Amino acid sequence: RDKERPTRKGYRPYRNRAIVYLLIETGMRRQASANLNIEEIDFEKANVKAEEKGGVRHTYQISREGLEAIRDYLERERHKDKEKWNSPALFLPAASARGNGQLGVQPINNIWKEICETAGVKDKTPHSARHAMGKHIMEKTGNIAAVQRQLGHRNAAYSMQYARITAD
């Protein structure tokens with residue numbers, strides 16, 4: 001059905017889906033997702049190795065669904081832009097775009113905003129996915145160390161915010 005649906009020039013639905021899944025399924029920061037290279041995705045171990053704030057390397061676990069979204073992008077769309085950019089970056093701008101061959105944080109913000117508007121979700125940013133991941137781990141496990149591991153916090157005090165007790 002992809003051929004039946006008209007799309008605007010440079011629109012990359014599989015890439016956009018992969019970005020959203022990556023952010024939601026890992027809790028990764030926007031900048032780290034923009035800087036990812038293809039070789040940092042390990043499909044067998046279901047993880048993603050990323051460079052985070054301060055140059056710290058962190059390994060994120062990712063779900064099967066997240067990996068499938070990335071695989072779909074690689075198989076169905078990335079080739080459209082690969083020739084122009086010749087870049088190891090995982091997420092490439094459309095061939096019609098200008099830049100250095102790596103999708104930046106502003107396009108990721110725009111993708112997120114467009115998807116939120118379509119879904120009727122208000123006041124959420126890509127960083128909201130990071131907080132949702134921390135909250136989810138805390139609700140499922142009650143383990144602050146698990147939150148710290150997944151989100152890559154160097155100091156457990158940052159992970160403690162997810163242990164707050166609320167009326168909900």
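**The sheet.** I took helices (H or I, at least four residues) and strands (E, at least two) as DSSP runs, numbered from the N terminus. Two strands count as paired if DSSP finds at least two bridges between them.

**Ground rules.** This is a predicted model, in which local features need pLDDT of at least 70 and side-chain atom pairs count only at pLDDT 80 or more, while totals for chains, interfaces and linings use all residues. Residues are numbered from 1 along each chain as its sequence is written, and side-chain values use heavy atoms, with hydrogens and water left out.

**β1 and β2.** I checked the pairing of β1 (residues 41-42) with β2 (residues 47-51) and found two bridges in the antiparallel sense. D42 stands opposite N47 in β2. The hairpin has four residues between these strands, and A46 takes a positive phi near 55° there.

**β2 and β3.** Next I followed β2 to β3 (residues 57-61). Five bridges join the two, and they run antiparallel. A50 has H58 in β3 as its bridge partner. E51 stands opposite R57 in β3. Five residues lie between the strands in this hairpin, where G54 takes a positive phi near 75°. I also noted a general point: in a regular strand the side chains alternate between the two faces of the sheet.

**T26.** Is T26 buried or exposed? T26 counts as buried because its relative accessibility is 0%. (Buried means under 20% relative accessible area, exposed over 50%, partly exposed in between, with a 1.4 Å probe and protein chains only.) I placed T26 in helix α1 (residues 13-26). The T26 side chain reaches the backbone nitrogen of M28 at 3.0 Å. Leaving out residues up to four places away in sequence, T26 touches Y21, Y60, Q61, I62, M133, Q150 and L151. Contact here means heavy atoms within 4.5 Å.

**Salt bridges.** How many salt bridges does a search of the whole structure find? I got six. Each is a side-chain nitrogen of Lys or Arg within 4 Å of a carboxyl oxygen of Asp or Glu.

I started with D81 and R12, whose closest N and O atoms are 2.8 Å apart. D81 lies in helix α4 (residues 79-85) and R12 in the segment before α1, so the pair ties together parts 69 residues apart in sequence. D81 is buried at 0% relative accessibility. R12 is buried too, with a relative accessible area of 10%.

D72 and R17 came next, with their closest N and O atoms 3.0 Å apart. This pair links distant parts of the chain: D72 is in helix α3 (residues 64-76) and R17 in helix α1, 55 residues apart. R17 is partly exposed, with a relative accessible area of 30%.

Then I checked E52 and R29, where the closest N and O atoms are 2.9 Å apart. E52 lies in the loop between β2 and β3, and R29 in the loop between α1 and α2 (30-34), so the pair ties together parts 23 residues apart in sequence. Both E52 and R29 are buried. My last entry is a network: salt bridges that share partners join R64, E65 and E68.

Notes
Polar contact = N/O pair within 3.5 Å; in protein donor to acceptor, adjacent residues only side chain to side chain.
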